[in-house]
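Dear colleague,

Please read them alongside the coordinates.

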Amino acid sequence: MKLQKQVFSVFAVIALLSASAVFAGEDGSDAEEYEKAAARLKDAPVPVPLGKVDATVNVDVAKRFDVSGYPTLKWKKGGEWSDYEGPRDADEAVVTVTKDNFDEFINSAELVLLECGHCKKLAPEYEKAAQSLQYHDPPIPLGKVDATIETELAKQFEVSGYPTLKMFRRGKPQEYKGGRDQFTIMDYMRKQSGEAAKLLPTVSDVKGFMDKALVKVIGFYDNLQDEKLRLYMDVANGMRDDVSFGYTLLPEARDMYRVNPGSVVVFTPEKFWTKFEPKYHILKTEKLTPLVGQYSAQSDKFYAEYTKNILCLAFYTVDWSFDYREAVAKDYKDIKFAIASEEEYINSLMVDFGLADSGEEFNVGCFKEMEPMEEYDDDEIREFLDKLKKGKLEPQIKSQPIPKKSSSNVKVIVGKTFDKIVGDKSKDVLIEMYAPWCGHCKSLEPIYKDLAKSVKKEKNLVIAKIDATANDIPDAYKVEGFPTIYFAPANSKDAPLKFEGDRTVEGFKKYLEEHATVSFGKSLRDEL
């Protein structure tokens, strides 16, 4: 039942109806809507009771309220009863979004959440979260868009799997990193509300903001109208899940750290302090990690950029009194180093790299390239790094066993065969990245098989799939949801095309015919 929020604290609502009469239509739909409204308003931050009276039995009550038809609804405000003349449906709190009202929705509040897709499992949880968040101060609207119909919006925001949740702050998209049930959605969105960067009004607050274990960032400004401060606040909002931000306007705070107005300073946690680098530095790049920091579930995102070059990890029982962690790192400035707890990664990352059963106390290596070590040995590490830089080490790739030959028209790829098959420059390749538990992947499977069967005569075209949860995949084939599908034409293996077309046999074939380079009668000469 649609009732304005500001009414809730002063109203009690009662419906008067006849149990022997039909409640608004032969299908009883109004009775069902009334029950839904009662359940929702009961759980509202300020509960609103809804009741009903059988006016054919309680005739005195019917006369008192002048009931002449069924159903009659009355509401009470300030001790006085009035006719209720509002809508008679429970109404969804989730806003239906289309291309016509998209801009209006994402700018309707400072923070909104949009679900792209049509996931039946998520829908009830999402609605419950929306019912609660509409009463948050300020309200946080939740919307939904059917990406199968609003294909332009889906393409604009790179929706490749369902459900995809997109958060918008002041109309600008940001990554949603919360859960997929009522309470995790509510918790995450509430934490996202408001500014991430907190004002530090005193010198004592500035000093107290520091942490022995966590990176802290402080912006030093001289007035609230500084345009750079607004930019800083926006960056902080985008990174609030990863780093704590603060800002101060105090001149004495700037003097204490010898920085100018407009400076953004990164403070290294005390446990990472070394004689090889300062305890804090002005942020001129995105450097948020110390010379040798700790690689963990909370910090791994900061190390992702270093995997494009070389990221070296040392697996052992972390002890910050260990004196040698910077001895090698200071001499290899082109390599990023971090320490990883053996206890935290013994059943995950170390398994992926074949180190879980090494039996050694100290395992040193670089991303995707690992090597067990009996104990810390400075010379051995240097020899390993020199070989790595010269390309003389064989990388270890996370991979399922190479499958036996099969008559299936869909080629099964694993980590160890990806480059050989997908990277074959004599073939056009359509590759699906899937997850075994993904419902959308299972729905696509028969379509994908029919597609492969229909094009099996195209000898230079490969229809393939890979379990993205069990195999390493090159960075160019970024998986953002399941299933994610790429087309790797023969002449562009390093820049594959993300498939965003119609996921039907006809849709796939049309796409392949348009983008093929060595199949469907085309050759690379045609591309010249």
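Phe 499 is buried, its relative accessible area being 3%, and Tyr 511 is buried as well, at 13% (buried means under 20% relative accessible area, exposed over 50%, and partly exposed in between, with a 1.4 Å probe and protein chains only). This is a predicted model, in which local features need pLDDT of at least 70 and side-chain atom pairs count only at pLDDT 80 or more, while totals for chains, interfaces and linings use all residues. Residues are numbered from 1 along each chain as its sequence is written, and side-chain values use heavy atoms, with hydrogens and water left out.

Rings of Phe, Tyr and Trp (its six-membered ring) pair if their centres lie within 6.5 Å, and planes under 30 degrees apart count as stacked, over 60 as edge-to-face and the rest as tilted; by this rule there are 15 aromatic pairs. One of them joins Phe 267 and Tyr 280 in a tilted arrangement, with 5.4 Å between centres and 35° between the planes. Phe 267 is buried, at 7% relative accessible area, whereas Tyr 280 is partly exposed, at 29%.

Two lysines sit over rings (NZ of Lys or CZ of Arg within 6 Å of the ring centre and within 35 degrees of the ring normal): the charged end of Lys 216 is 4.8 Å from the centre of the Phe 209 ring, and Lys 465 lies over the face of Tyr 434, 5.5 Å from the ring centre.

Best regards
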